[in-house]
Amino acid sequence: MIRCFDLFAGIGGFRLATEKISEKNNIKFKTIGWSEIDKYCQKTYSSNFDIKNNYFIDDIKKITSPTKEFCNYQNYNSIKKSKLIKKIIPKFDFLMAGFPCQSFSSMGKQRGLDDERGALFFDILALLNSIKPNYFLLENVKRLLTIDNKKTFSFIISSLQKEGYDVNWWVLDSKHYGVPQTRRRVYIYGSLKKLEKKYPTEVPSISKKNITTKTILDKKVDKKYILSNKILKTILKHGTGGYYSKSEIDLEIARPLTRTMVKMHRANQDNYYSNKFINNDKKLKWIRKLTPLEALKLQGFPTKFYNNAKLNDISDTQLYMQAGNSVTTNVVKAIITHLINYGWFNEDN
Ligand SMILES: C[S@@+](CC[C@H](N)C(=O)[O-])C[C@H]1O[C@@H](n2cnc3c(N)ncnc32)[C@H](O)[C@@H]1O
């Protein structure tokens, strides 16, 4: 059994993928601990996973930075810190973490590792340094590769190597893995064990199914998702000022979901669909936004996941944010399956 730790767990995209793999594979994954600071994410997570015997900490910094000084390059591997972490966090074999990316994303201010949120990377290093799990898988925005003249990314890779890991990464687009959403993310993975096979140069196999947004859009939804005539004009406007960007709706492959999708955006930044596209109805003209259920589906979460969250009173606003922040579970599944074929996890059984 592979013991997993779900760090910066969000609503558990990584965990869902490992649980799905365990259903069909000889290799069994079991999440033994998780950390998530946001109470609404915690609620969605705990209404969907069996967390009874799990170790849980809301803010990982309570463990990695118990004093006022945050984890940083100088102190993440101090002996005192390492001893403390080992004492509190149970042993695990696989660290999964989509680390907070506001400081790296093209919309954020891009302060990289100097930003307190970017600095959460050092909390990952602190866990790797003290617990020494055999494997890790990290996810972040593609922009991580290039900010600060690529210095941040090369620092990240060399720090992980310094901890003894064989490290590699892929940039993968969710639209190739069974969900109709363009979402390019960098996935960094590493193994402490020296594997017989070299790391795969090819990416995890791409789904051959031609899945479009038509497969996830509900034909009938609550009226509240339909845009009013008043707002439609603004939404459908092309780019502002000197910047022209064509305003397209009815995309067969959705634009990347964002955590702010609850707000109204211009149609060149968000996903809107017409009655004509959804129901082939040319008479009754309306345009609507995605529902939270559709947003979750675009990240590979099943309807049951949404229902469980709703039973726990999670609002639409929270669900939009959670879906926009989560990892695409299908991509994680494809990566782990691919790595299993390359000898990952095998000898631990
Ligand atoms: C990019 S999201 C990861 C989403 C996750 N992979 C999923 O599938 O939903 C980063 C998460 O880290 C959480 N976070 C931020 N700071 C944290 C901290 N100090 N300790 C624990 N979680 C934190 C945020 O609340 C957010 O849910």
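Biologist: Is Asp-316 buried or exposed?

Modeller: The model is a predicted one, in which local features need pLDDT of at least 70 and side-chain atom pairs count only at pLDDT 80 or more, while totals for chains, interfaces and linings use all residues. Residues are numbered from 1 along each chain as its sequence is written, and side-chain values use heavy atoms, with hydrogens and water left out. The classes rest on relative accessible area (1.4 Å probe, protein chains only): under 20% is buried, over 50% is exposed, and values in between are partly exposed. Asp-316 has a relative accessible area of 15%, so the residue is buried.

Biologist: With which residue does Lys-224 form a salt bridge?

Modeller: A salt bridge requires a side-chain nitrogen of Lys or Arg within 4 Å of a carboxyl oxygen of Asp or Glu. For Lys-224, the closest N and O atoms are 3.6 Å apart, and the partner is Asp-316.

Biologist: How many residues apart in sequence are the parts that Lys-224 and Asp-316 tie together?

Modeller: Helices (H or I, at least four residues) and strands (E, at least two) are DSSP runs, numbered from the N terminus. Lys-224 lies in the loop between E7 and helix H7 (229-236), whereas Asp-316 belongs to helix H11, so the separation of the parts they tie together is 92 residues.

Biologist: How many residues of helix H11 are buried?

Modeller: Among the buried residues of H11 are Asp-316, Leu-319 and Tyr-320. Contact means heavy atoms within 4.5 Å, and the buried residues of H11 pack against helix H2 (39-46), strand E9 (287-289), helix H9 (292-297) and helix H10 (303-311). Helix H11 (residues 316-325) is mostly covered, and of its 10 residues the number buried is 7.

Biologist: Is Tyr-55 buried or exposed?

Modeller: Tyr-55 has its place in strand E3. Leaving aside residues up to four places away in sequence, Tyr-55 touches Phe-5, Ile-32, Gly-33, Trp-34, Ile-63, Ile-88, Ile-89 and Pro-90. At 18% relative accessibility, Tyr-55 therefore counts as buried.

Biologist: What area is buried between domain 1 and domain 2?

Modeller: The bounds, which come from an automatic or database domain assignment, are 2-197 + 327-348 for domain 1 and 213-324 for domain 2. The C-alpha centres of domain 1 and domain 2 lie 29 Å apart, and 22 residues of domain 1 are in contact with 27 residues of domain 2. Buried area is the accessible area (1.4 Å probe) that two parts lose on being put together, summed over both. Carbon and sulfur atoms give 57% of the area buried between domain 1 and domain 2, which is about 2000 Å².

Biologist: Which residues of domain 1 lose the most area to domain 2?

Modeller: The residues in question together account for 29% of what the domain 1 side buries. They are Ile-11, Pro-180 and Gln-181.

Biologist: How many residue pairs are in polar contact between domain 1 and domain 2?

Modeller: Across this interface the rule finds 0 salt bridges. A polar contact is a pair of N or O atoms within 3.5 Å; within protein, one must be able to donate a hydrogen and the other to accept it, and residues adjacent in sequence count only if both atoms are side-chain atoms. With both residues at pLDDT 80 or more, the count of pairs is 15.
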